[in-house]
Number of protein chains: 2
Amino acid sequence: MKKLVNAPRAVVREMLEGLVSLAPGQVLLDGESVVLRADTPSDVRARKVAVISGGGSGHEPAHAGYVGAGMLDAAVAGDVFTSPSTDAVLAAIRAVAGPAGALLVVKNYTGDRLNFGLAAELARAEGIPVETVVVADDVSLHDTVEPARRRGIAGTVLVHKVAGAAAEAGAALQDVLREATAAAEVLGTMGVALGPCTVPAAGKPGFTLEEDEIELGLGIHGEQGVRRVPMQTADSLVDTLLTTIVEDRRITSGDRVVLVVNGLGGTPPMELAIVARRALAALRQGGIRVERAWSGTFLSALEMPGCSLTLLKVDDARLARLDAAVDAPAWPGAG
Amino acid sequence: MKKLVNAPRAVVREMLEGLVSLAPGQVLLDGESVVLRADTPSDVRARKVAVISGGGSGHEPAHAGYVGAGMLDAAVAGDVFTSPSTDAVLAAIRAVAGPAGALLVVKNYTGDRLNFGLAAELARAEGIPVETVVVADDVSLHDTVEPARRRGIAGTVLVHKVAGAAAEAGAALQDVLREATAAAEVLGTMGVALGPCTVPAAGKPGFTLEEDEIELGLGIHGEQGVRRVPMQTADSLVDTLLTTIVEDRRITSGDRVVLVVNGLGGTPPMELAIVARRALAALRQGGIRVERAWSGTFLSALEMPGCSLTLLKVDDARLARLDAAVDAPAWPGAG
């Protein structure tokens, strides 16, 4: 295993310290793997609706990179590919939420749902209104599992953006929840892995692929994907991913969408640009109006080579949320 | 070779088409691998000093990602790891420069110097004032070659930023040249590769490393580095890189610098954050004032795993150039 790390057990703490030392607008919560906005009001009554997310580490820049004005108020980091503890989530809620309440944006994994859900209950018992939106945007499992059991992957970042913009604009908790839930319901993502990734504490890859073999419907935790296929051109892969998303999400000619081309950690900008070129051309050919498109590393799986494509249906109101100003290190500028 | 590409020979064109289709503020020059600001005035007399850079492809987001207000006016892309032609550079100069002139920012490689230099002469013959700044920031060769023969690597992006901000502010060509040259003279970069990269048309890696072997003073074109050493911790590598830069550039306690932690294409944000953590701590321990720090993929070597560190000495004036607003896809927000 060749990685730019020190002790494998220290990667999360050192990564968070690094991120925060690069971001003047962020601080680490004492004793917890929680990154907060530095400008969180100390008077809880002065706090707007808080938007909180998190999950296992290894998905950087998610989630801490999205902490900042207009997006997340706090990000809770578990160990690599491991849900954060209920205590850590509760600490995050207490640190940034007040009477206006908090929305938790949770990727659809059992551990995350359990620990964020329990923390939400405990916070409610303390008098803090808390709602939860579960993101299950991975359409690769459309043949095998019901929608409610799909995994949450890179599209989650767009839910952060919509919810964060709504909260920043002063929306009430139920309205932030409604906007986030509505976005999550018309969101679809599918990815392809060209190779595995290595959890630092494990020291070896989570699976192996043959020299000419790739994996569709990857897992962002080094778990096995849905289907192994031979290596093919970028255009062919993009078409497969897009067709699956478009059919599953029932996106048709005339629909308005935004596109995210997400690198999984080990994919260079050159390859993402080639993927984006085809994705934009194919969507336009299909009469689908791509209102905004972003390419970059939004939610990674350590150093996995590969990418995912995300489509989110938009109207003017949702587009305005996506366009709203953000001061978080990992959200790009103009789309 | 597993890459998200189509025909290997088409990677540059498809990549440029992808980048431009993602960036509303950019256009491709007809028939050339040149990316321009879409808002370039058609009246040459209305043009400010143009800042132009480029070089071989495979270094994305350099150079096209830096085309935009406040940074580059045009980026010229050669084939992968190959200098762009004189004709292409000349076409770029004609497309964005006028009587106010152009500054060419050139990385210190023989082919780039030759082709940009010849294009500059041809443009001057047409009456366009053109100056050139050569960036030779790689300090890894400090023991073996004179400073003028060092390679230009990731620090080049900071020269783009300083020159672009000066030109955007309305500075005259000689002043833009002076600021860019002064920055290039106090700039130092050094990198480490954990593995090789594969040129698409070659189909196999440029070199091989043993399982526990890494390479200091990497080349950004898949060429051999300066020294092979055993794999070591991130902190130890950072200390080696920083010590070399600090000694070579004679940076001492009390000096003010900015830091760039640059991923080489295959390195995930988690590792860059761990590197940044140590670099910031070590510089502060040494009494060096880090005024700004950025971490990301600024200038890659295809999918090479590894990173480079760059230090640039700053005063208030240069810092203001680095802080000035930019509307280019690849320049990050607040440092």
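B:Leu103 has B:Glu131, a residue of β6(B), as its bridge partner. The two strands concerned are β5 (residues 102–107) and β6 (residues 130–135) of chain B, which run parallel and are joined by six bridges. Strands count as paired if DSSP finds at least two bridges between them; helices (H or I, at least four residues) and strands (E, at least two) are DSSP runs, numbered from the N terminus. Together with helix α3 (residues 110–125) of chain B, β5(B) and β6(B) form a right-handed β-α-β unit. Right-handed here means that, with the strands pointing away from the viewer, the path from the first strand over the helix to the second runs clockwise.

The model is a predicted one, in which local features need pLDDT of at least 70, side-chain atom pairs count only at pLDDT 80 or more, and totals for chains, interfaces and linings use all residues. Residues are numbered from 1 along each chain as its sequence is written, chains are lettered from A and ligands numbered from 1 in the order in which they are written, and side-chain values use heavy atoms, with hydrogens and water left out.

Most residues other than glycine have a negative phi, and most peptide bonds are trans. In chain A, a cis peptide bond links A:Glu60 to A:Pro61, with omega about 10°. A:Pro61 sits in the loop between β3 (50–57) and β4 (74–80) of chain A. In chain B, B:Glu60 and B:Pro61 are likewise joined by a cis peptide bond, with omega about 10°, and B:Pro61 belongs to the loop between β3 (50–57) and β4 (74–80) of that chain.

A:Phe81, although not a glycine, has a positive phi of about 55°. This residue is found in the loop between β4 and α2 (86–96) of chain A. A:Leu302 is placed in the loop between β11 (289–296) and β12 (306–313) of chain A and is buried at 1% relative accessibility.

How many disulfides are there over all chains? The count is zero, a disulfide being a pair of cysteine sulfur atoms within 2.5 Å. The sulfur of A:Cys197 is too far for a bond, because the closest cysteine sulfur, in A:Cys307, is 15 Å away. In chain B, B:Cys197 is in no disulfide, and the nearest cysteine sulfur, that of B:Cys307, is 15 Å away. A:Cys197 is buried at 2% relative accessible area, and B:Cys197 is buried at 2% relative accessibility.

Technical notes. Buried means under 20% relative accessible area, exposed over 50%, partly exposed in between (1.4 Å probe, protein chains only).
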